[in-house]
Amino acid sequence: MAATKQTNPTAPGHDCGTCASRVELEQMGIRLDSWDHVVALAGNPNTGKSSVFNSLTGLKQHVGNWPGKTVSRAEGGFRFNGLRYKLVDLPGTYSLLSASKDEEISRDFILFGKPDCIIVVADATALERNLNLALQVMEITGKVVLCVNLLDEAKRKGITVDLRSLSRDLGVPCVGTVARTGEGLGDLMRVVAAVIAGEVATVPIRTQVPAEVERALDELVMMIEGVAPGLPNARWVACRLLDGDLRIRQALLSGELARLTDRQQDAPVAAAPSLVSIQGAQ
Amino acid sequence: MRFQEPPELPSHTPLPTGLAGAAGFPEVTVTQAPAEAILSRADALRRDFQTNFRDQMVESIYSQAMALAARSVRRDGNNRWDLDQRIDRIVTSPVWGLPIMAGMLAVVFWITIVGANVFSELLFDGLFLVESWGVSLFEWLGAPWWLTGFLWNGVYRGLAWVVSVMLPPMAIFFPMFTILEDLGYLPRVAFNLDWIFRRAGAHGKQSLTMAMGFGCNAAGVIATRIIDSPRERMIAILTNNFVPCNGRWPTLIMLATLFVAAEFPPAVASLAAAGTLLLVVLLGVLVTLVVSAVLTRTWLKGAASAFTLELPPYRRPSILRILYTSLMDRTLFVLYRAMWTAAPAGALIWVLANVRVGDESLATMFARMLQPLGRAIGLDGAVMLAYIIAIPANEIVVPTLMMVYAKSSMMMQEGGYEAIRVLLVDQNGWTMLTAVSLMLFSLLHNPCGTTILTIWKETGSLRWTLLGALMPLAIAFGVCFALASVARLLGAAG
Amino acid sequence: MTTILIVALVLGGWLLYTLLVHPSMPGGQFLASRRRRHERAFWEDVLRQILLMRQEGRPASEEALAGALGKSLTVIRGVLLRMTDHGLLETNGPGQGKGEGLRLTASGERWALHVLRAHRLWESYLADEARLPMERLHHQAEQAEHRLSEKDLEVLDAHLGYPLADPHGDPIPSAEGFLAEARGIALQRWEGGEAVRVVHVEDEPVELFEQLLARGIRPGIHLRLVATRQGALEVEVDGQKVLLPPELLANIEVEADVPVWASDPSVRKLSQLETGSAAEVVALSEAIRGFSRRRLMDFGVTRGAHVEPVLDNAFGDPRAYRVRGATIGIRNEQAEQIWVRAVQGHHATDSPQNPAVQAGAEV
């Protein structure tokens, strides 16, 4: 594995117990005492998400429930290039829109927990269905790496995925893996580390919507930016308000959303956004 | 009459059941005028849309996903594709689907029962050897008899019994179950059986939670998390008890062997025993469906929700992962909880057997007091007492029963089927009717303490937990009472 | 002796009275709160009824209210008086005392809208999530509407995804009190084209409602008007001809907004598709609501999706379909509500390789 250049000020041992998002994470039951970065694993059910999780964490994992919920959660830790990562396995969901318990947990973790990076695991044999979730996650945050898993199965079925073109189209790095054998996971982690460090700039694609919806979104985005200036996912928030998401409504009313942006300014400013070519994406 | 109370505007009343999931939102404390303006603007915009906003949004995302996939995915043939479908056409086929499923279930049971027997005996011998060492050690140390008895013959023996009865079948059943799960076969079971469950107002996935219940009802209750609809999940939780868990298998196997198989020539005896077990299981499934249907029409009103279930491609299971999840998550988890309930039960049994009132032990006295209740349902007081003591863990029913019958001072090891037959039939007058009644009671009675605790944790409601505990008990008493009454009438007439 | 008895009786009676009936004692408080609840429910029924009458353009008179609520005129007069005292109602014009021109005040209207909102949202909840049969919704909602607070409704509304109309097609008032106008025209008075869309089916009286349901008439379906026969109307529902007697016509409201595909003969139900054939989704019927709809769409069963029935089980229900690269089991009950158009079965592709659809990468 090639060593990645360290530009991240969050060096090992850096105490971040006071950062606001850390408090939020702790409320979600994540113990942060000895981790440098928190990475979340999202994906549809049956995509080999847990294989990715197991291969990355080995036996260093903890299984329990989400606080106050009857939804199981797995989290684990591993080291990569001298940094300690905490990996949180989000419930497998097909979407983030249906407001089932699983989806609420995933959505809340991605939005309010603000993990340093989100790996969206996708099944290479049913990419279309899996992109549905990836596109939704990318509306919330740009810190996304798409892990196109089950490449072996795809190969047997005569399916090839052009990862380079997919990365370009999506605006986030895509890495092909066979999690069962561990193939490609090193590349995956290298890309994740680069995204966290800001070495790879991600410019996630926005979903194209009918003109009628676009107009409504634009109007709301302007209003939202008045209340929460600098909110990176104002468009997604507008979308959720139009859909009528009670949790987001209340976050807006209580000022929780506005506080999310404060936190953003605390975070280290990414290196100058240069479109770094994505290695490891072959 | 004039009413002076100004009728306050809509008050805060608790949300109706079924909505609990939606209610867990934090109170809104800070309100900002601009934020409210955004919300009311959003509401207004939503109302003005020509078509439903959600529909438009999902359509947009999917058409984008379709376009992206079209640009980067290339298909060359579709060789393996057809293999998946070919397997599916067989395992979900109108003709072969159900027989294949029943066959698989039978094989899983057979392996579990046969394999568990071997390991159970080994564990038994090992753990009871440790007990005798412990007793010797305490005697050598000069500990009083009651301390030795309480700790080793009470607490430890309860634990040892539960571990040796429960661990082997679970350690065999759960990995096999996980293999089927990992292979991707289980969703096909739900697909095959959904129609039947829908008729009872339940969900096809309930069949999977029931399959899990064969291993352990507590695990089955946790498995109901896969059911989305709260109503159908509740049905699955409340009825999971009607599939006999492996804590109840020993009782059922013993009765089937001692009473039913004994009526047949030795050549087909084991088949007859297996057939009896199958009948009991089918009866349990039937009761599950009937109770589900009744719940659907009473406390849990409503029609079945939509069944949309993915049938994922078949995948080669990874053995390490299976061992890990099935042993760590399921077996050890269940065993851990069971041990916490079995230890105090062991202590209680020892106390009952050793505290004497007059010239009889507490156990004998309670059994005498429970005699009329037991008689009414075709059983006797000793069985009732055994079931009360075994509430924490059903595995200890048989040993407790033996202890009460033999007036012994500790739970007994089974001394071979012949010895049990002599004890039950010759000394305590058991008949075929008693055996059938006990099998029914064992199948239908209340869930064990671990399961009740799990129901409480999963539902978060005392009311549903009580219903989940008391409804099966009422059904068990009702059915056994009816059977006993019919038998008595026939006996009187004949 | 007698004296003692009388004294005891009097004292006992007094004790009973204070304990059970007097409003400051526990029993009395219980009775009073029960009475208050009953009274409140009654008030709310009156408010909702007046609002509905206004919506329908009928004058809200004492007699009409008494008829609609099944109470005597005296009772109605009493309650109207009390409600007027509380500033919920006002009477204007010369008809005072006779109840003509009964109007809701601002606070009365707000409350009435709340009750209507509670009723219709609860009906939606029962139909979409609890999936109660349509004919039982109304009765259940009649009771629930008096129990639900504004906060409950906010949660419920969001949980259901802010539905605009209840399962009968009646508009649901928004939290701010906005109530949309009913869009449809009664089928009786319909004079437009022969293709119509049902937007509302009246749920009272229940007998007529059941007859309508039995004929397959529900909001969201498309009707083709075939012929009139002695006041009765022959219509085509899902390709089957159904006769609607005159008494039912007033309870169906329709509009002309029929999509183009509704008259396309090649459009069929997904459940009618043969195993091994292929089709493209044209629309999801409005009858699929709530969680079922969200779930289906999550799986990619949206307009334009390519679907192929691939598996039938022993009972023929549910069937499995290939949708967007995955195999999904769907019950026939839902598949009957999904409209598809058959396409040439190009087997290998789940996503048609359509170069015209370009990814809009606006990076």
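**Entry 1: a helix pair in chain B**

I began with helix H15 (residues 381-389) and helix H16 (residues 397-406) of chain B, which pack at an angle of about 135° with their axes 9 Å apart; helices here are DSSP runs of H or I of at least four residues, strands are runs of E of at least two, and both are numbered from the N terminus. The axes are lines fitted to C-alpha atoms, for helices over the stretch in contact, and angles run from 0 to 180 degrees between N-to-C directions. That angle makes H15(B) oblique to H16(B), given that under 35 degrees counts as roughly parallel, over 145 as roughly antiparallel, 65 to 115 as roughly perpendicular and the rest as oblique.

I then listed the residues that meet, with contact taken as C-beta atoms, placed from the backbone, within 7 Å. Ala382(B), Val383(B), Leu385(B), Ala386(B), Tyr387(B) and Ile389(B) of H15(B) face a set in H16(B) that includes Val397(B), Leu401(B) and Tyr405(B).

**Entry 2: provenance**

I note that this is a predicted model, in which local features need pLDDT of at least 70 and side-chain atom pairs count only at pLDDT 80 or more, while totals for chains, interfaces and linings use all residues. Residues are numbered from 1 along each chain as its sequence is written, and chains are lettered from A and ligands numbered from 1 in the order in which they are written.

**Entry 3: where chain A meets chain B**

I looked up the interface and found 52 residues of chain A in contact with 53 residues of chain B. On the side of chain A, H8(A) gives the largest share, eight residues, and the class count there is 24 nonpolar, 17 polar and eleven charged. Strand pairing also crosses between the chains, since I found three bridges joining S7(A) to strand S1 (residues 73-75) of chain B in the antiparallel sense; pairing requires at least two DSSP bridges between two strands. Thr160(A) has Arg74(B) as its bridge partner in S1(B).

**Entry 4: the sheet of chain A**

I traced an open sheet of seven strands in chain A, with the order S2-S3-S4-S1-S5-S6-S8 and mixed pairing. Its edge strands are S2 (61-65) and S8 (174-176), each pairing on one side only, and neighbouring strands are turned by 25° against each other on average, direction ignored. S6(A) and S8(A) pair in the parallel sense over three bridges, and the partner of Val148(A) in S8(A) is Gly176(A).

**Entry 5: a strand in chain C**

Is strand S12 (residues 319-323) of chain C largely enclosed or open, and why? I found five of its five residues buried, so S12(C) is largely enclosed by the rest of the structure; buried means 20 or more other C-beta atoms within 10 Å of a residue's own, exposed 12 or fewer, and partly exposed in between, with C-beta atoms placed from the backbone. Arg319(C), Tyr321(C) and Val323(C) lie on one side, with Ala320(C) and Arg322(C) on the other.

The hairpin of S12(C) and S13(C) has two residues between the strands, and Arg324(C) in the turn has a positive phi of about 50°.

Note on methods:
Two residues are in contact if their C-beta atoms, placed from the backbone, lie within 7 Å. Ala, Val, Leu, Ile, Met, Phe, Trp, Tyr, Cys and Pro count as nonpolar, Asp, Glu, Lys and Arg as charged, and the others, Gly among them, as polar.
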